[in-house]
Amino acid sequence: MTQSSFIAPEKYAEAIRQIPYGKVVTLADLRTYLGQDDSVPFFSGVATLIVAWSEGDDPIPYWRVLKSGGEVNAKYPGGLEAQRELLEA
């Protein structure tokens with residue numbers, strides 16, 4: 001069963017932390033994993049951006065999340081080039 005309501009960024013952070021090193025997922029993959037349907041792409045994008053821009057002692061590998069079409073995200077910290085570099089590392 002899917003839900004169309006907003007899911008807190010903390011839930012996105014938990015899901016992103018589970019992405020294995022060397023792997024990537026799309027925002028659509030995250031929505032599916034968290035039980036959301038495709039009617040809420042805006043909310044998943046916002047939640048992921050909140051995670052990406054959050055600061056803390058335990059960095060969340062937000063760079064492993066691609067846009068739903070498989071593209072890197074220019075809105076992540078450092079823009080397209082920074083995400084590419086983090087993915088290549």
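Phe43 is located in helix H3. The model described here is predicted. In this model, Phe43 has a relative accessible area of 35%, and it therefore counts as partly exposed, a class that lies between the limits of 20% and 50%.

**Nonpolar surface patch**

- Phe43 belongs to a nonpolar patch on the surface, together with Phe6 and Phe42.
- The accessible area of Phe6, Phe42 and Phe43 together is about 330 Å².

**Salt bridge**

- One salt bridge is found when the whole structure is searched.
- This salt bridge is formed by the side chains of Asp58 and Arg17, with an N to O distance of 3.4 Å.
- The pair connects distant parts of the chain, as the two residues are 41 residues apart.
- Arg17 belongs to helix H1 (residues 9-17), whereas Asp58 lies in the loop between H3 and strand S2 (65-66).
- In general, side chains of opposite charge can pair when their charged atoms come close.
- Arg17 is partly exposed, because its relative accessible area of 41% falls between 20% and 50%.

**A buried glutamine in a loop**

- Gln36 is found in the loop that lies between helix H2 (27-33) and helix H3 (41-53).
- Gln36 has a relative accessibility of 3%, so it counts as buried, the limit for this class being under 20%.
- The side chain of Gln36 is joined to the side chain of Tyr12 by a polar contact of 2.3 Å.

Methods. Residues are numbered from 1 along each chain as its sequence is written. This is a predicted model: local features need pLDDT of at least 70, side-chain atom pairs count only at pLDDT 80 or more; totals for chains, interfaces and linings use all residues. Side-chain values use heavy atoms; hydrogens and water are left out. Helices (H or I, at least four residues) and strands (E, at least two) are DSSP runs, numbered from the N terminus. Buried means under 20% relative accessible area, exposed over 50%, partly exposed in between (1.4 Å probe, protein chains only). A polar contact is a pair of N or O atoms within 3.5 Å; within protein, one must be able to donate a hydrogen and the other to accept it, and residues adjacent in sequence count only if both atoms are side-chain atoms. Patches are made of residues with over 30% relative accessible area and no salt bridge: like charges are joined within 9 Å, nonpolar side chains (Val, Leu, Ile, Met, Phe, Trp, Tyr) within 5 Å. Accessible areas come from the Shrake-Rupley method with a 1.4 Å probe; for residues, only the protein chains shown count as cover. A salt bridge is a side-chain nitrogen of Lys or Arg within 4 Å of a carboxyl oxygen of Asp or Glu.
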